[in-house]
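Biologist: Hi! I'm new to this one, could you walk me through it?
Modeller: Happy to, let's open it up.

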There are 12 protein chains.
Amino acid sequence: MAETNDSRFTVPGLSLEDGHRVGAALQERLHTLNDLQLTLKHAHWNVVGRGFISVHEMLDPQIELVRGFVDEIAERMATLGVPPNGLPGALVATREWDDYDVGRGSTQEHLAALDHVYNGVISSQRDVIGVVAEIDPITEDMLIAQTGKLELFQWFMRSHLENDAGELSD
Amino acid sequence: MAETNDSRFTVPGLSLEDGHRVGAALQERLHTLNDLQLTLKHAHWNVVGRGFISVHEMLDPQIELVRGFVDEIAERMATLGVPPNGLPGALVATREWDDYDVGRGSTQEHLAALDHVYNGVISSQRDVIGVVAEIDPITEDMLIAQTGKLELFQWFMRSHLENDAGELSD
Amino acid sequence: MAETNDSRFTVPGLSLEDGHRVGAALQERLHTLNDLQLTLKHAHWNVVGRGFISVHEMLDPQIELVRGFVDEIAERMATLGVPPNGLPGALVATREWDDYDVGRGSTQEHLAALDHVYNGVISSQRDVIGVVAEIDPITEDMLIAQTGKLELFQWFMRSHLENDAGELSD
Amino acid sequence: MAETNDSRFTVPGLSLEDGHRVGAALQERLHTLNDLQLTLKHAHWNVVGRGFISVHEMLDPQIELVRGFVDEIAERMATLGVPPNGLPGALVATREWDDYDVGRGSTQEHLAALDHVYNGVISSQRDVIGVVAEIDPITEDMLIAQTGKLELFQWFMRSHLENDAGELSD
Amino acid sequence: MAETNDSRFTVPGLSLEDGHRVGAALQERLHTLNDLQLTLKHAHWNVVGRGFISVHEMLDPQIELVRGFVDEIAERMATLGVPPNGLPGALVATREWDDYDVGRGSTQEHLAALDHVYNGVISSQRDVIGVVAEIDPITEDMLIAQTGKLELFQWFMRSHLENDAGELSD
Amino acid sequence: MAETNDSRFTVPGLSLEDGHRVGAALQERLHTLNDLQLTLKHAHWNVVGRGFISVHEMLDPQIELVRGFVDEIAERMATLGVPPNGLPGALVATREWDDYDVGRGSTQEHLAALDHVYNGVISSQRDVIGVVAEIDPITEDMLIAQTGKLELFQWFMRSHLENDAGELSD
Amino acid sequence: MAETNDSRFTVPGLSLEDGHRVGAALQERLHTLNDLQLTLKHAHWNVVGRGFISVHEMLDPQIELVRGFVDEIAERMATLGVPPNGLPGALVATREWDDYDVGRGSTQEHLAALDHVYNGVISSQRDVIGVVAEIDPITEDMLIAQTGKLELFQWFMRSHLENDAGELSD
Amino acid sequence: MAETNDSRFTVPGLSLEDGHRVGAALQERLHTLNDLQLTLKHAHWNVVGRGFISVHEMLDPQIELVRGFVDEIAERMATLGVPPNGLPGALVATREWDDYDVGRGSTQEHLAALDHVYNGVISSQRDVIGVVAEIDPITEDMLIAQTGKLELFQWFMRSHLENDAGELSD
Amino acid sequence: MAETNDSRFTVPGLSLEDGHRVGAALQERLHTLNDLQLTLKHAHWNVVGRGFISVHEMLDPQIELVRGFVDEIAERMATLGVPPNGLPGALVATREWDDYDVGRGSTQEHLAALDHVYNGVISSQRDVIGVVAEIDPITEDMLIAQTGKLELFQWFMRSHLENDAGELSD
Amino acid sequence: MAETNDSRFTVPGLSLEDGHRVGAALQERLHTLNDLQLTLKHAHWNVVGRGFISVHEMLDPQIELVRGFVDEIAERMATLGVPPNGLPGALVATREWDDYDVGRGSTQEHLAALDHVYNGVISSQRDVIGVVAEIDPITEDMLIAQTGKLELFQWFMRSHLENDAGELSD
Amino acid sequence: MAETNDSRFTVPGLSLEDGHRVGAALQERLHTLNDLQLTLKHAHWNVVGRGFISVHEMLDPQIELVRGFVDEIAERMATLGVPPNGLPGALVATREWDDYDVGRGSTQEHLAALDHVYNGVISSQRDVIGVVAEIDPITEDMLIAQTGKLELFQWFMRSHLENDAGELSD
Amino acid sequence: MAETNDSRFTVPGLSLEDGHRVGAALQERLHTLNDLQLTLKHAHWNVVGRGFISVHEMLDPQIELVRGFVDEIAERMATLGVPPNGLPGALVATREWDDYDVGRGSTQEHLAALDHVYNGVISSQRDVIGVVAEIDPITEDMLIAQTGKLELFQWFMRSHLENDAGELSD
């Protein structure tokens with residue numbers, strides 16, 4: 001892609017440097033959550049076994065939600081003056097992990113694999129909250145709200161894996 | 001109820017101890033707001049006098065809201081790895097106050113009594129915000145949003161009790 | 001709670017005594033179903049295991065329904081001239097059973113426990129139908145309609161516990 | 001109006017005589033409830049004073065409900081083979097009471113007067129329930145459901161007139 | 001009904017006398033259209049023969065509309081300072097016509113009879129438009145809009161009675 | 001079909017024998033109303049002549065209603081512990097009547113034939129009400145409500161066949 | 001604000017002069033109704049006392065309506081070729097009255113003050129109707145419709161202030 | 001088309017001659033607005049250039065509106081006893097203008113051409129208002145309302161063509 | 001209309017010549033269905049007699065559908081690079097038939113005439129399907145779907161004209 | 001059933017013979033899919049075991065869909081001039097298979113049995129597609145669309161039966 | 001306006017002084033955002049030129065949003081015990097800026113001017129966030145959420161003014 | 001990703017080999033359209049200049065549509081027994097093109113670039129239609145419907161780039 005420079009402006013009340021710093025931090029979130037929405041859809045199609053319909057349907061509202069987060073993050077970047085990159089080549093070139101590695105698999109297999117994916121997504125999301133909190137409470141607030149929803153869904157998934165003693169099967 | 005231990009996990013990015021500490025703090029909120037929804041319904045049925053229909057109907061959306069808060073808190077506890085207890089026996093055994101003490105009563109009598117109830121609920125909610133703010137911004141954000149809605153409704157009730165000089169009749 | 005006496009009226013066509021007798025019988029229903037809605041929510045949060053999402057979601061419409069029954073019963077009491085008591089302290093002081101005794105538990109464990117709860121709730125509901133049928137067909141009709149919905153939901157729960165031979169696992 | 005004879009049929013399972021007896025009993029209900037919907041609208045327009053908007057708006061859903069009852073009764077008559085008469089001349093010629101006697105009046109004045117109207121409407125409705133119960137459970141069930149709704153609304157009105165001791169001001 | 005005097009006010013910009021004159025003219029409209037809504041419902045129930053369902057269903061939206069006109073007129077009267085009378089006894093005592101004279105009858109018989117009713121209702125509505133047009137354009141505008149809708153519905157009815165040559169059968 | 005025995009349970013408050021007796025009585029209703037929904041659809045497609053569109057469209061909401069009754073009855077049977085049979089082979093083997101005998105036919109021909117079908121369906125429905133009333137008021141209430149809707153629709157059909165004198169053409 | 005001249009066009013069928021004359025007359029309506037929507041919201045927030053919730057909620061739909069009138073008027077001005085000015089500085093510089101003078105106040109105090117505001121708004125609206133009626137029936141029709149809605153709402157407010165004798169308390 | 005004569009009736013309160021005169025005047029409106037809806041759709045499909053999507057979408061609600069006007073006018077004609085002709089051959093044979101002469105064209109080209117079309121449509125609409133105003137206020141009111149909506153849309157179009165000085169480019 | 005040439009492009013995968021050939025074939029469909037929507041509306045207004053309301057209302061959804069087909073066809077033409085002409089002058093100049101020749105007429109007369117119109121519309125639609133099927137499956141699929149809907153509606157109309165023996169009256 | 005002959009017409013563009021041939025082929029589809037909707041409902045009621053609620057609810061939208069297919073097919077037959085037979089006696093007499101042979105059974109048992117049913121339904125549906133494709137693309141298109149939806153639902157069912165290796169348990 | 005003192009209360013958990021300090025800070029926000037909603041509507045009416053409809057329509061949802069913020073702020077003030085002043089005279093007397101200075105103007109002119117307005121509104125909003133953050137997290141959270149929405153809309157406006165290099169034209 | 005083999009089944013009526021051949025062809029469509037939805041969102045965020053809001057909003061419904069196509073294709077693959085791969089690594093490794101190469105850019109620049117993207121997507125889609133048409137009409141039909149929607153949207157984009165002569169600027 002042809003190089004795109006940051007805008008000559010950012011949101012009122014932030015210095016140009018601060019605004020763009022926050023925007024840059026969000027680019028990594030954008031790739032992570034874009035990857036997540038694709039992975040969730042992939043699991044939606046490839047899950048099999050007794051609990052098929054429940055898990056298949058449970059994933060769809062979460063996918064809608066994550067797509068909304070992607071949109072929110074990209075528009076926040078543009079608002080801060082940093083052009084968002086939402087393309088798959090850039091995503092793959094930048095990310096530090098490989099494609100999700102389950103194809104056709106049982107509900108428990110997919111839920112356990114996705115639980116691991118969520119561990120990574122949420123931890124790094126909390127890291128970015130720490131970074132932006134110093135600079136921009138508006139972005140911080142957006143990320144906090146997203147994290148709450150991601151954690152709630154992780155609880156849905158974990159509840160399928162958990163036993164009476166509160167231990168996760170894997 | 002048979003003893004239920006905390007889960008062997010909590011949300012990613014928090015230590016198990018921190019996660020369970022926040023969850024434990026929320027159990028008290030769960031009992032408080034569960035008591036509140038029951039009390040508001042009780043008032044909804046027992047209010048009498050000239051302003052009956054207005055007050056009777058004003059309470060219902062607030063009850064729906066508070067029930068939603070209860071659900072949000074309990075699912076946040078489970079997300080943090082702490083099993084929520086939503087049963088009336090546990091509520092009564094734990095709480096530090098008695099049943100609301102108005103039966104059939106006039107609109108002003110109920111509104112004044114509920115205003116007192118709200119003083120307690122909101123003060124303790126703000127205390128818990130202080131506790132969790134150090135540890136978990138996601139839980140903090142949830143409690144702040146709830147507090148704003150509770151305070152708004154308290155204003156509705158107080159406006160019925162207030163005179164031109166801004167003094168509350170009781 | 002301060003003592004609240006019955007009203008000096010009841011519905012047209014019933015004697016004051018009969019109206020208040022029916023109202024009094026409904027107070028017990030109010031506590032029972034208030035307990036039930038709290039118990040169902042508690043199970044909604046604490047269920048775990050493979051069928052989590054199905055059972056978690058199956059409970060919510062039933063909770064809405066039972067809350068509606070509670071409202072209906074309380075307003076019928078007030079209509080009959082008897083002030084309803086919907087507070088948890090009174091509930092616990094009056095009831096003849098203990099808190100539901102499952103915390104975090106598998107779907108089958110919760111469904112079996114709730115099936116037992118329903119046995120009690122429905123049997124006593126049918127007893128009250130017998131009592132009021134002599135006096136007030138309007139209250140009788142309300143309770144019959146509620147019973148039908150409770151039995152239908154019990155069938156939902158039992159269907160998870162039933163084998164091909166029509167036997168319930170427990 | 002030109003004379004209209006009963007049909008040569010009634011619902012299956014009832015004798016022609018029984019079916020027409022029930023239909024005839026419903027004609028009186030039709031006039032009574034038609035009068036009631038007109039009276040409630042009249043009050044809706046003529047109420048004044050501090051609680052105006054609450055009482056004005058509280059009446060409208062009840063009017064819709066009563067109009068629905070009128071329709072239900074008239075179509076039940078036709079179903080039973082008895083042509084319903086819904087005309088004002090016949091109503092006035094048949095009824096045993098005079099027009100409602102409040103014009104412009106305060107909310108409390110209208111609510112007290114309507115409470116008296118409801119005493120009459122509900123008592124006679126219960127009488128007719130007794131008559132038809134012997135013959136036709138379908139008609140009985142319809143009248144019971146209507147009575148429950150009328151009594152609930154009477155409670156709404158009475159709650160405006162009631163004091164803490166459960167006494168109605170008049 | 002106890003005598004109700006006109007209010008000590010009318011709408012701004014009209015003299016008290018003019019305002020009350022318009023209000024008084026509307027009382028006659030109120031009775032006429034109240035009679036009409038009752039008559040249309042009566043026909044809705046009593047129509048029989050091949051076109052039953054079409055005519056039965058065609059009448060209902062018109063009844064809703066006419067009921068809306070009644071409400072509009074009565075509230076305009078009150079706005080002008082004249083208490084509206086919407087009671088059946090007053091209607092029958094005041095009107096210059098008898099009850100509609102068809103009971104059970106064929107679709108064509110009812111439509112022809114209602115077409116005659118509409119001739120009267122619309123002619124007198126146009127007369128009142130002439131009267132109020134001099135004084136109050138707001139009331140005039142309301143009556144014009146109502147008349148347009150009444151004439152449209154009369155066309156619906158006449159279209160059932162009309163032959164290719166544009167002649168009405170009767 | 002492989003033999004399916006009754007469950008080892010029924011609804012709380014009924015003896016196993018009584019519960020299964022009611023369930024068995026409902027199997028006959030299930031076949032009857034399943035046959036009815038198919039017959040009504042058949043008529044919906046095969047009606048011709050001047051009133052085509054009215055009758056064609058009038059039937060559809062009734063079909064939806066009857067399908068709902070079938071579902072209600074079958075789920076009541078299962079609730080009572082008796083497995084419902086909803087298959088066409090069993091229906092035809094069990095029923096005591098032949099297929100509806102009108103193919104392409106005029107609106108009046110179909111309505112007259114369906115009126116006869118309704119005579120049978122409603123009479124036998126009232127018989128079953130009598131049987132279950134002794135044992136189970138919940139089932140009784142369900143059947144009464146269904147009967148009221150069936151009779152109302154029969155009135156719709158009969159109104160097309162009725163003359164001014166209240167006689168049905170056939 | 002930089003001077004904005006009228007457009008070189010107006011609606012077809014009116015002379016440029018006439019079109020702009022009507023547009024100019026509407027500018028005064030725009031300021032008046034813009035002031036009104038702000039004043040109604042101010043009252044919505046500052047009302048206190050027993051009838052709080054009723055009056056607080058009664059004002060909101062009226063505010064929506066008045067905002068709609070403002071929009072309609074401004075767009076009519078633009079249609080006629082006259083640029084509307086909707087800014088607060090211009091409003092205050094032009095108007096011939098001061099800010100509404102009630103802050104926190106009881107429901108009756110606010111309703112009485114708003115009743116006076118409506119006297120002024122409606123009288124001047126009727127004056128403008130007279131002016132435009134000669135020139136442009138489309139604008140006239142728009143203003144008549146708005147006036148009818150304003151008068152209806154004034155009746156709502158006056159009904160709170162009115163006694164049985166039709167006298168307004170102040 | 002075979003000759004169709006006027007009906008032997010018109011609306012109550014108008015002479016047959018007056019009613020048919022108004023109806024005849026409306027036939028010309030019917031052709032004009034039928035032509036307009038077709039022309040607007042044609043422009044909707046043929047517009048090109050930078051503002052494509054805005055103008056393409058802006059036209060559709062206006063087309064729906066104009067189709068509604070056509071329907072209103074035709075049904076008013078029928079109500080007045082004059083059979084409306086809505087056929088394209090009659091339209092083309094009667095109209096005094098040619099087909100719209102822009103095919104594929106830029107947004108500005110189409111908007112300028114449509115602005116001219118609206119000049120004609122609105123001027124002649126105002127002429128007909130003058131004609132019918134003498135005879136029939138109901139028809140007059142309908143045409144005034146339509147004109148207001150047409151003028152508003154012309155403003156939308158002109159606003160695309162207007163510069164800061166209020167001059168239209170063409 | 002000024003001459004409009006075809007675009008320099010067509011859809012990917014078709015040659016320019018093939019794309020424009022399909023587009024040209026659709027122009028004839030556009031005129032035919034535009035004529036049809038106008039004719040159906042004309043019939044909607046001019047139908048009279050006993051079945052008026054049924055036929056009047058049955059036509060409207062079909063008109064909406066045909067208008068949708070016109071839009072679909074015109075936008076497909078533009079997509080293929082051929083500017084659609086939707087103007088009445090071009091329609092009349094091009095078509096090979098005259099205006100529909102029924103004015104005010106009975107339901108059966110209009111339905112029989114429209115049945116003939118549909119014979120022509122559907123036959124020619126099937127011819128065009130044959131032409132485009134060779135070249136462009138996307139256009140073919142669109143026309144097949146439209147034809148199915150047109151044939152279904154023709155069945156509605158024919159069912160009014162058909163006797164028990166499956167013969168059409170004319 | 002009395003013999004019903006084919007109509008003397010079919011859709012325009014098909015010979016009478018071809019049209020009726022397609023119609024006849026559809027009669028077999030009508031019985032097959034009618035049987036299928038009844039079978040799916042039967043399974044909906046009789047399924048038991050851990051996944052009860054998921055499978056019970058998954059079946060209902062499919063039943064609605066299949067009922068819609070039945071309606072579509074029957075109305076296509078009538079459109080083609082062949083009277084559809086939708087009665088259970090004819091179905092059973094004609095079909096080449098027996099009633100579905102599972103009563104109360106586990107989710108996996110029912111899904112496996114229904115998977116077999118779908119194998120038959122879909123294979124024969126594809127056969128009929130081959131037959132009609134030669135003659136009538138409109139009917140072909142309808143059957144292709146239905147087949148796609150049936151195959152999608154079969155995938156839902158199979159996904160419950162499938163293991164990681166893509167093998168179906170039975 | 002008559003002086004209105006602060007209430008004798010504030011929200012539980014804040015000192016009276018702190019609560020009123022936050023309330024006072026919000027009064028300035030109230031005037032600023034009230035001015036903004038009026039200015040945005042003014043621009044909505046006065047924008048002209050090629051992009052008219054897009055910009056005209058883009059402004060409306062933002063106006064709704066800003067009106068909602070005004071309401072939220074005023075009700076928060078009242079909740080905190082400080083009576084909000086929403087009147088235009090007070091606004092103009094208090095503000096430190098003049099009326100927006102564009103009348104009729106091109107889309108780019110208005111967007112550039114509004115972009116400057118937003119710079120001011122957002123900067124001062126962030127300042128107030130800093131002030132209240134120390135005292136009241138509930139108010140802080142409300143202002144953060146509003147700021148995020150204002151910044152998003154500023155991005156919409158800036159995107160119209162921005163070139164490929166991220167520079168704003170002015 | 002771990003290797004996933006094709007299922008041991010495919011849809012009834014296709015050979016295993018044919019079913020899997022079609023499924024394999026669809027994998028390429030899945031990657032192509034997944035890339036397209038990401039690219040369209042990227043453009044949605046990065047477009048700037050005068051037409052910003054129109055183009056920004058025009059893209060969103062298309063993105064929803066393309067996401068729906070992706071889902072449809074993937075579920076068709078699974079139905080055919082071939083596990084769909086929806087992951088970005090696989091997409092990038094497989095595709096034969098690079099990331100879209102416009103970052104922040106004007107509306108015309110993005111529309112021209114997307115027009116080129118659509119040329120590729122649609123051409124290859126038509127190629128696959130040719131491949132599957134031989135084997136599976138259900139898959140063919142799905143792809144034809146998608147292609148029609150893609151071509152329609154390409155027309156939307158091209159219309160922004162087209163001049164009066166039907167030439168595309170680039």
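**A helix, a pair of copies and some rings**

Modeller: Helix H5 (residues 137-161) of chain H has 25 residues, which should span 36 Å at 1.5 Å a residue, and its end C-alpha atoms are 36 Å apart, so the two agree. The expected span is 1.5 Å times one less than the number of residues, and helices are DSSP runs (H or I) of at least four residues, numbered from the N terminus. This is a predicted model, where local features need pLDDT of at least 70 and side-chain atom pairs count only at pLDDT 80 or more, while totals for chains, interfaces and linings use all residues. Residues are numbered from 1 along each chain as its sequence is written, chains are lettered from A in the order in which they are written, and side-chain values use heavy atoms, without hydrogens and water.

Biologist: How many residues of H5(H) are buried?

Modeller: 20 of the 25, so H5(H) is largely enclosed by the rest of the structure. Buried means under 20% relative accessible area with a 1.4 Å probe, protein chains only.

Biologist: New topic: how many aromatic pairs are there over all chains?

Modeller: A search of the whole structure finds 60. Rings of Phe, Tyr and Trp (its six-membered ring) pair if their centres lie within 6.5 Å; planes under 30 degrees apart count as stacked, over 60 as edge-to-face and the rest as tilted. One of the pairs is D:Phe153 with D:Phe156, tilted, at 6.2 Å centre to centre and 45° between the planes.

Biologist: Where do D:Phe153 and D:Phe156 lie?

Modeller: Both are in helix H5 of chain D, 3 residues apart, about one turn of the helix. D:Phe153 is buried at 5% relative accessible area, and D:Phe156 counts as buried at 15%.

Note on methods
Helices (H or I, at least four residues) and strands (E, at least two) are DSSP runs, numbered from the N terminus. Buried means under 20% relative accessible area, exposed over 50%, partly exposed in between (1.4 Å probe, protein chains only).
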